[in-house]
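Subject: Handing over the structure

Hello,

Here is the structure I promised to pass on to you. Please open it first, and then read my notes below alongside it.

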Amino acid sequence: MARMSVLTRDEAQNRAQLLDVHRYTIELDLTTGDETFDSRTLIRFSARTDADTFVELKPAELRSATLDGQPLDAGTLDGNRLPLKNLTAGEHELRVDASMRYSRTGEGMHRFTDPTDGETYVYTQLFLDDVQRVFAAFDQPDLKAVFELTVTAPRHWTVLANGVTEHTGDGVWRAAPTPLISTYLVAVAAGPWHSVRTEHRGLPFGLHCRRSLAPYLDADADELLDITRACFDRYHEKFEEPYPFDSYDQAFVPEFNAGAMENPGLVTFRDEFVYRSAVTDTERQTRAMVIAHEMAHMWFGDLVTLRWWDDIWLNESFAEYMGYQTLTEATLGGSGGTPPRKWGTDTWTDFGVTRKPWGYDADQRPSTHPVAPKDVEDTASALLNFDGISYAKGASALRQLVVWLGEKDFLAGINTHFARHRFANATLADFIESLASATERDVHAWADAWLRTTGVDTLTASVGSRPGQWTLALDRTGERPHRVTVGVYDRDLHDGRRLLLRERYETDVPQEAAPEPRTGTRPALVVPNDLDLTYAKIRLDDTSLETVLRGLSGIPDTLTRAVMWNTLRDMVRDGELAPADYLATAAAHLPEETDLALVQGVLAFASDHIAGRYLTPDRRPAALATLTELCRDLIRRTEDGDHPGLRLIAVRHRIDTAAHPDTIAAWLADGTVPGGPELDPELRWRVLARLAVLGATDEAAIAAELARDPSATGQEGAARCRAALPDEDAKARAWDAMFGSDDLSNYLFTATAQGFWQPEQADLVRPYVSRYFKAAVAVAARRGPAIAEAAGSWAFPAHAVDAETLKLGEKCLRKAGPIPALRRKLVDQLDDLARALRVREA
């Protein structure tokens, strides 16, 4: 394998000082076979001085390259770098003709054949440095250029790109030239797409998916377009700079590694967002948030782009914050009247339950980093920072900034930033200067405290009382300033299960003076960070903690309940609350819960972490029994049909926690849960996977289900079920598929890994634990970062919570073997394993 070089920050800075890149003219031919496509590129650029440099390219074959009409020696291609020697100051033209490989890992130009109908689709995912898998480029974000693309495709295909595309005949499509954009944002999606098109504010909007998903896209098209229009209008109310591109297409593409990608004018989404099976309103809300998030990127990231990858947060933290905030505003009153109810109105509750724990967990591992790190030396290091810190912690920091700064000044600073750097690049320092121009506050000090530091602060409440008065002192572990809302609650004298809000007030932490006494009796519950406006762990006073454990479901506000559930979660992880107590609290209060995100989040933590890792194997059956009974309670509660989302969540978790096959096997045989829902494809595969774990199904049943559902999702379901069978031969076949060959796509690798390790099969898979680390290192080295991510996330033996697994992993890390993407995942997994051991000891 040829050596591939990652781009360093110093190399990028030197090249940016040398070059101005003006225009790429790219011709792609997608009709040359199943393995490769042709790529011809003309790059017009200028050099400021005489020098040497290089262009990036990862070809299957480099056929020719010429610089200013003079041929270059193709043999000088070193890995992914083609040297450009003896450049002179002035204008230049580089032409490159190459054959490029299609990908099966979601990187570069991914190719997928739909098993449902045999149709083939290709699309690009060029983030972070994968443009060189598709065409030759000076691949760094601060060398923006105009891109002109021509694509030759099979005649029955449609080609989508960043700009409006035109079919000129014989399968040739030409895309309108882009404005100045970065190389990683170029996008092409080609295939026999099913499309739904409309216009809004004079711009063409489109939705696109595989033909086999057409009925499902059509069913949700009105909702998707309503969300798109409402967010588009709301951003134009917030931002003075209008939408900067000529169209807005959203393509739902197969086997996509991320949730979505913000390519200007052509956002690509994983096509699981085209729902084939029943979903909850919260899941629809999540999809809506992703739409809002990616649209925010049209300004944060596409119009104004980071200069180097140390400012990832300027892209992701802003899009994350703006996605949740703008969706909330659009829900409360978008254009054209009240949006559909299934958008949801508690988007920040969902953020608190599903996203903030991601940030809290990442920020307490050895791999933590500042929101805005200073030491991103190369692109491989940068790729590791797309994590819960850059997304959830960064968004939380921005939410706290808005509280501290005020939304008016915050938006004024943002609009100044857009005006100063439109179609260009910017840094953290540039952004802080834009904010500083809109306020008298010291935003430089705020940025140092919030963006340049690591770790999670802890706010600990101490409540004192005397007749007619009480006081709250908030101690802080950490260095950041916090502006928090304190919620004060009393028991309802008429209904002891309920809590009533007495008052909310704002305070700063650290407190500048001794707390002022507040009038009234001692509250039953005092909640620091009541509206979840800051990023910190919370520790309650003893009385408040007892109130929460006994009366959590009686707290009136969903966001407050989310803060309390996160507090209990943190306490379990820190060894301050017994896992069994968390389970007991869930069993007591989830049957009364109305918020779907909270129910889903609590059940997921209880089953995956508590039953799966924090309790010893001998206590797992009792934990599963508790969760099974809890799910039965929720199913009984929803028999009236008024809460289909809650019932669906309960049914899913009832399947996943089944210790005996009889009930769920009967559901599968009948095709329905008594009282509903009917088993759609997702539920059928879920039941079959659990039956496989329990040894209550076989290959014949899996093959029959695959014949019933031969879709791509069905293929993944079958792979998951086959890997889950408690049989030595089945495990050997799954292991060889993952690590012995390179045939599995990224999605089929993940599905196989998800099925392989099961706590119930610990004895059967024990020999594979010691084999995992060497195998993961090898497959990551062969197949690259996307498979490394899957191998470290899903193929890791997370169930094996013991000192020997920890020792094997630490030994692996001491070697130079793991590529950076795998090394980062192993560091995180081993830290989680060590934490699980500490929880067990506690």
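Let me start with a pair of side chains: arginine 684 and glutamate 705 form a salt bridge, with their closest N and O atoms 2.8 Å apart. The two partners come from distant parts of the chain, 21 residues apart, with arginine 684 in helix 18 (residues 681-693) and glutamate 705 in helix 19 (residues 699-708). Arginine 684 and glutamate 705 are both buried.

Some background before you go further. This is a predicted model, in which local features need pLDDT of at least 70 and side-chain atom pairs count only at pLDDT 80 or more, while totals for chains, interfaces and linings use all residues. Residues are numbered from 1 along each chain as its sequence is written, and side-chain values use heavy atoms, with hydrogens and water left out.

A salt bridge here is a side-chain nitrogen of Lys or Arg within 4 Å of a carboxyl oxygen of Asp or Glu. Buried stands for under 20% relative accessible area, exposed for over 50%, and partly exposed for what lies in between (1.4 Å probe, protein chains only). Helices (H or I, at least four residues) and strands (E, at least two) are DSSP runs, numbered from the N terminus.

Now, more on the salt bridges. Side chains of opposite charge can pair when their charged atoms come close. How many salt bridges does the rule give? The count comes to 65. One of them joins arginine 561 to glutamate 593, with 2.7 Å between the closest N and O atoms. This pair also links distant parts of the chain: arginine 561 sits in helix 12 (residues 558-573), and glutamate 593, 32 residues apart from it, in the loop between helix 13 and helix 14 (596-614). Both arginine 561 and glutamate 593 are buried.

Another salt bridge brings aspartate 541 and arginine 522 together (2.7 Å, N to O). Aspartate 541 lies in the loop between strand 28 (537-539) and helix 11 (542-551), and arginine 522 in the loop between strand 26 (518-519) and strand 27 (525-527). Aspartate 541 counts as buried because its relative accessibility is 6%, whereas arginine 522, at 27%, counts as partly exposed. There is also a network of salt bridges that links Arg234, Glu237, Lys238, Glu329 and Glu407.

Lysine 774 belongs to helix 23 (residues 762-783), and it counts as exposed because its relative accessibility is 72%.

What about disulfides, meaning pairs of cysteine sulfur atoms within 2.5 Å? A search of the whole structure finds 0 of them. Cysteine 231 is buried, with a relative accessible area of 0%, and cysteine 812 is buried too, at 9%.

Finally, two spots to look at in the viewer. Alanine 580 is in helix 13 (residues 579-589) and is partly exposed, at 32%.

Best wishes

How values were computed
A disulfide is a pair of cysteine sulfur atoms within 2.5 Å.
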